[in-house]
Amino acid sequence: MWKLKVAEGQGPWLYSTNNFVGRQIWEFDPDAGTPEEREAVEKARDDYRKNRSRVRPCGDVLMRMQLKKENSDIDLSIPPVRLGEKEQVNYEAVTTALKKAVRLSCAIQSKDGHWPAENTGPHIYTPPMI
């Protein structure tokens, strides 16, 4: 099973002035994980093969699965907000959607504080809107 290693370094040719913060590499271990986890990874790989032309760069399912598991103390069970075509947007709907988005961003953050994916959109466009 593939595992994302974050902020780790070893070897004679690696040198870091910031303790490898932000560095990420993938490592393969065929015996890692439970049978259920390996099955979920194989399903994600199969879905990728079938839908390769429609996968976005920030849709790294394996990385997100691993980080959500590592950050399992974050509650992601908030149901999505669905508004009908003629329904008005209210304070509660906006607050719920924002809570869900912030919790997901926290859940996919690595232990050294960076987001190991290409998801620059929210970080660039959100601050001016706020």
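Me: What does the secondary structure of the protein chain come to?
Reply: It comes to 4 helices and 2 strands. From the N terminus on, the elements run β-β-α-α-α-α. Helices here are DSSP runs of H or I with at least four residues, strands are runs of E with at least two, and both are numbered from the N terminus. Mind that this is a predicted model, where local features need pLDDT of at least 70 and side-chain atom pairs count only at pLDDT 80 or more, while totals for chains, interfaces and linings use all residues. Residues are numbered from 1 along each chain as its sequence is written, and side-chain values use heavy atoms, with hydrogens and water left out.

Me: Why is Val-6 called buried?
Reply: Buried means under 20% relative accessible area, exposed means over 50%, and partly exposed is what falls in between (1.4 Å probe, protein chains only). Val-6, a strand 1 residue, has 6% relative accessibility, so it counts as buried. Across the protein chain, buried residues make up 15% of the 130 residues.

Me: How do you know whether Ser-110 is buried or exposed?
Reply: Its relative accessible area is 6%, so Ser-110 goes down as buried. Ser-110 lies in the loop between helix 3 (91-107) and helix 4 (120-129). Not counting residues up to four places away in sequence, Ser-110 touches Val-6, Leu-67 and Pro-116.

Me: And Val-89, buried or exposed?
Reply: Val-89 has a relative accessible area of 56%, so it gets the label exposed. Like Ser-110, which is in a loop, Val-89 is in one too, between helix 2 (61-70) and helix 3.

Me: Why are Lys-5 and Glu-27 called a salt bridge?
Reply: The term needs a side-chain nitrogen of Lys or Arg within 4 Å of a carboxyl oxygen of Asp or Glu. In this pair the N to O distance is 3.7 Å, and the side chains meet in a salt bridge. Lys-5 lies in strand 1 (2-6) and Glu-27 in strand 2 (residues 24-28), so the bridge ties together parts 22 residues apart in sequence. Glu-27, at 35% relative accessibility, is partly exposed.

Me: How many salt bridges does a search of the whole structure find?
Reply: It finds 8. One is Lys-43 with Asp-47, where the closest N and O atoms are 3.1 Å apart.

Me: What separates Lys-43 and Asp-47 in helix 1?
Reply: About one helical turn, as they are 4 residues apart. Lys-43 counts as exposed at 54% relative accessibility, whereas Asp-47, at 32%, counts as partly exposed.

Me: Where do Asp-46 and Lys-50 lie, and what makes them a pair?
Reply: Both lie in helix 1, 4 residues apart, about one turn of the helix. Salt bridges that share partners join Asp-46, Arg-49 and Lys-50 into one network. The Asp-46 and Lys-50 side chains meet at 3.2 Å, N to O, in a salt bridge.

Me: How are Asp-46 and Lys-50 classed, and why?
Reply: Asp-46 has 30% relative accessibility, so it counts as partly exposed. Lys-50 has a relative accessible area of 60%, so it is exposed.

Terms used. Contact means heavy atoms within 4.5 Å.
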